[in-house]
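Please look over the sequence and the structure below before reading on.

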Amino acid sequence: MTTESVSESVRQRVWYPFGVYPNLLLLSAQIFGILIYPFTDSGVGRMAFSLVQLVVLFLAVAAVRPTPALSWISMACGAPAAVLTVLTLIFPDSHGLLLASDLTHAVFFLYLGYALIRYMFADRNVTADEMYATASTFTVLAWAFAHLYGVVQGIWGADQFAATGEGDLEWMEMLFLSFTTMTGTGLSDISPVGAHARSVVMLEQMAGMFYIGLVVARMLSLTLVKFQSRDSDKEAAAE
């Protein structure tokens, strides 16, 4: 049995009997977090959003398990991030905890993005979960850079960014900046003005271009090859 078939067998044994795709769950949880955030002004709302963040971390680790990347690394990075998520909920005004949380989350999501890209490049057969991984990896990288913006703000201050509001950027503002930067839409009313912020923005712009150019193009080409192969088999059977 080849490595590719073993990898697929593991994925089917862990997830597919239940009709569950880990990357679909991960993507759904992240989208739900985006939708629920505007309702988190109250203490109960912030607690609900923090719980969603914990669920995202759990699903992210689960999504890494079927990939060729090492699961223990994702767990080692995800565990501190989960603990710090709880601590920042208890002590929301602690600057040190917020900075440590952003740093650990950034490392975790960057490793997760690397693991998912390896997953999509691991074989030549495009599965349904790999198609979901194309979308979930994009959101994972957007999450990672949003946390990096939090690190920049925590170390060098809010004056690294020019925004319509005053004071520190909120989480949704940093995530909004991350999505608009990575997609190249340029619709953000938040601009990097400090050298450190601009460095991270340029890195994310490069990551967005490489992601579309390499990952998405490869997945589309493999999908077309898959359909062409099916058509060839049908024509051969008809003859």
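In this predicted model, helices α4 and α5 pack at an angle of about 150 degrees with their axes 9 Å apart. Angles over 145 degrees count as roughly antiparallel, and α4 and α5 are therefore roughly antiparallel to each other.

**Helices α4 and α5**

- The crossing of α4 and α5 is left-handed.
- On the α4 side the contact is made by Ile73, Ser74, Cys77, Gly78, Pro80, Ala81, Leu84, Thr85, Leu87 and Thr88, and these meet Leu97, Leu98, Ala100, Ser101, Thr104, His105, Val107, Phe108 and Tyr111 of α5.
- Sorted by class, the residues of this contact between α4 and α5 comprise 12 nonpolar, seven polar and no charged ones.

**Helices α5 and α6**

- Helix α5, which covers residues 95–120, packs with helix α6, residues 128–156, at an angle of about 155 degrees, and their axes are 8 Å apart.
- That angle makes α5 roughly antiparallel to α6.
- The handedness of the crossing between α5 and α6 is left-handed, and their contact holds 18 nonpolar, nine polar and three charged residues.

**Helices α6 and α7**

- Helix α7 spans residues 171–183, and its axis comes within 8 Å of the axis of α6, with the two crossing at roughly 125 degrees.
- That angle makes α6 oblique to α7.
- In this pair α6 passes α7 in a right-handed crossing.
- Residues of α6 in this contact include Phe138, Trp143, Phe145, His147 and Tyr149, while those of α7 include Trp171, Met174, Leu177, Phe179 and Met182.
- The contact of α6 with α7 is made up of 13 nonpolar, seven polar and no charged residues.

**Nonpolar cores**

- The largest nonpolar core has 34 residues, and the members that touch the most others are Leu26, Phe108, Phe109, Leu112 and Trp171.
- At least two residues of this core come from each of α2 (22–36), α3 (43–64), α4 (71–90), α5, α6, α7 and α8 (195–238), and α3 gives the most, with nine residues.
- Once residues up to four places away in sequence are set aside, Phe109 touches Val56, Leu57, Val140, Trp143, Ala144 and His147.
- Another core, of 12 residues, lies apart from the largest one and has Val152, Met174, Leu177 and Ala207 among its members.

**Residues at selected positions**

- Leu99 is found in helix α5, and at 23% relative accessibility Leu99 counts as partly exposed.
- When its neighbours within four places in sequence are left aside, Leu99 is in contact with Val151, Gly154 and Ile155.
- The C-alpha atoms of Leu99 and Ile155 are separated by 7.7 Å, although these two residues are 56 residues apart along the chain.
- Gly96 also has its place in helix α5, and with a relative accessibility of 45% Gly96 counts as partly exposed.
- Between the C-alpha atoms of Gly96 and Gly154, which are 58 residues apart along the chain, the separation is 8.3 Å.
- Gly157 sits in the loop between α6 and β1 (161–162), and its relative accessibility of 22% makes Gly157 count as partly exposed.
- For Gly157 and Gly194, which are 37 residues apart along the chain, the C-alpha atoms are separated by 9.5 Å.

**Overall layout**

- The protein contains eight helices and two strands, and read along the sequence these follow the pattern α-α-α-α-α-α-β-α-β-α.
- Of the 239 residues of the protein, 43% count as buried.
- Among the contacts between residues at least 6 apart in sequence, 75% join residues at least 24 apart.

How values were computed
Residues numbered from 1 in each chain as written. Predicted model: local features only at pLDDT ≥ 70, side-chain atom pairs only at ≥ 80, totals over all residues. Heavy atoms only, no water. Axes fitted to C-alpha atoms, helices over the stretch in contact; angles between N-to-C directions. Helix = DSSP H or I, 4+ residues; strand = E, 2+ residues; numbered from the N terminus. Parallel < 35°, antiparallel > 145°, perpendicular 65-115°, else oblique. Left-handed = near helix turned anticlockwise from the far one by under 90°. Nonpolar A, V, L, I, M, F, W, Y, C, P; charged D, E, K, R; others polar. Contact = heavy atoms within 4.5 Å. Core = buried A, V, L, I, M, F, W, Y, C linked by side-chain atoms within 4.5 Å. Buried < 20%, exposed > 50% of the residue type's maximum accessible area, 1.4 Å probe, protein only.
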